[in-house]
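Here is a friendly briefing to read alongside your model.

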Amino acid sequence: MDAQDDVNQGEFTWAISNFSQQKETKLYSEAFTVFGCKWMIVVYPKGNKTDHLSLYLDVPDSAMLPDGWTRNAKFSLCVIDQISSVHSIRHETQHFFTVREKDWGFTRFIALSKLHNSTGGYLANDFLVIKAKVSVLIVTPVNIQPARPTDKFDSYFTGLEELINAAETNGVSVGSSLYLQDCALTDGSPSLEEIEKAKQSLKECLSDLFRLNMKERLSETLSTLSSARTGLSSEEKIAIETFQANFNDFTSNFLTFEQDNAEFELHKVRRDQNFSAMKKNHETHILYKQLMDHLAKEEEELKRKMEEVKSGRNKLLSDWEILLVESEDVKSGYKDEQKKVAEAEKKKRIAEERMSRSTIDWSKLKAQFC
């Protein structure tokens, strides 16, 4: 096994002997260091729930790293063909390692049937050789606060709020569509009464081009007026004839306008609907943020209480330890005194026996002289 380290890049080669005889589900290489970060290769000799060799890059000391640690690394893993290096198999990827995803790699690296093929050089002399190349891109230092899970939401909805504000500044609001309408017509002889009605109809059509059936009504009106011999001034006749000559272009342009305007109004309605949904989603985001802030305060309070509980627990254990020491001292003293009591009791009995004999002698002496 060997490792090379060049600033933020490094290599590590791992040779596994007797590979085909391995019984373990997975094997771990020794740890190697790149850019101050420890790494380790993990291999599943029989595949990780697949019929392929599985290879991963792992962070071996993740349990000892500070809370919120992260590291972004680009790496490759290569199974060396020991007979013909051009047939070596190499896969490359990039991953953001965290406490939740401390290993990353390739579950289906190479088919086990191909790996164990006797004509290949992947298991020459039953050795499997794996080479790792690691380039550490970003490491979150201990003194930098790790990203909170809500940061991406805050960032996104801040941008959404700016979009909403800009839209409202430009007058965007929830509106209604303008629907185009036409006008109807009939045929008839241009009597004076009809001419007056046609002139009035023309005024109405010209004052509102978008009423229902306007095109047909306008065509009928022009037809009536163009054949009229009385009731119209020469200027009115010229204007009617000129307009009627261009009537087909007008109706074509009008139809195009109808379609374009309808499409415009449709997109406007959809835009307003999306705008309304954006505002509603942003309001929901504000509510979620308030709820998250409330939960964060509760979490801080729970942490504080947990610290108090831990402190009380540690003090209790400390006092308990002291009690244990004191009890052991008392127990030892008790046993010592118990032995001394037995010895003293023995001495006491001997003294009592002597005292008893002395008392008898004293009594005899007293009887003779008193």
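E345 counts as partly exposed, at 45% relative accessibility (partly exposed lies between buried, under 20% relative accessible area, and exposed, over 50%, with a 1.4 Å probe and protein chains only). R349 is its salt-bridge partner, with the closest N and O atoms 4.0 Å apart. This is a predicted model, in which local features need pLDDT of at least 70 and side-chain atom pairs count only at pLDDT 80 or more, while totals for chains, interfaces and linings use all residues. Residues are numbered from 1 along each chain as its sequence is written, and side-chain values use heavy atoms, leaving out hydrogens and water.

**Salt bridges**
- A salt bridge here is a side-chain nitrogen of Lys or Arg within 4 Å of a carboxyl oxygen of Asp or Glu, and the structure holds 12 of them.
- Side chains of opposite charge can pair when their charged atoms come close.
- E345 and R349 are 4 residues apart in helix α6, so about one helical turn separates them.
- R349 is partly exposed too, with a relative accessible area of 44%.
- R271 pairs with D272, their closest N and O atoms being 3.1 Å apart.
- Is D272 buried or exposed? D272 counts as buried, at 2% relative accessibility, whereas R271 is partly exposed at 39%.
- E92 and R90 also form a salt bridge, with 2.9 Å between the closest N and O atoms.

**Helix α6**
- Helices (H or I, at least four residues) and strands (E, at least two) are DSSP runs numbered from the N terminus; the protein chain has 6 helices and 10 strands.
- Helix α6 covers residues 247–369, which is 123 residues.
- How far apart are the end C-alpha atoms of α6? They are 174 Å apart, which agrees with the 183 Å that the helix should span at 1.5 Å a residue (the expected span is 1.5 Å times one less than the number of residues).
- The buried residues of α6 include F247, F250, F254, D272, F275, H282 and H285.

**A nonpolar surface patch**
- L316, L317, W320 and L323 form a nonpolar patch on the surface, with about 430 Å² of accessible area together.
- Such patches are made of residues with over 30% relative accessible area and no salt bridge; nonpolar side chains (Val, Leu, Ile, Met, Phe, Trp, Tyr) are joined within 5 Å, and like charges within 9 Å.
- L323 is found in helix α6 and counts as partly exposed at 46% relative accessibility.

**Loop residues with positive phi**
- Most residues other than glycine have a negative phi.
- F35 has a positive phi near 55° and lies in the loop between β4 (32–34) and β5 (37–44); its relative accessible area of 42% makes it partly exposed.
- N125 also has a positive phi, of about 55°, and its place is the loop between α1 (112–115) and β10 (128–139).
- N125 is exposed, with a relative accessible area of 71%.

**The whole chain**
- Of the 370 residues of the protein chain, 27% count as buried.
- The chain exposes about 25,700 Å², and carbon and sulfur atoms supply 54% of this (areas come from the Shrake-Rupley method with a 1.4 Å probe; for residues, only the protein chains shown count as cover).
- Among contacts (heavy atoms within 4.5 Å) with a separation of 6 or more, 65% join residues 24 or more positions apart.
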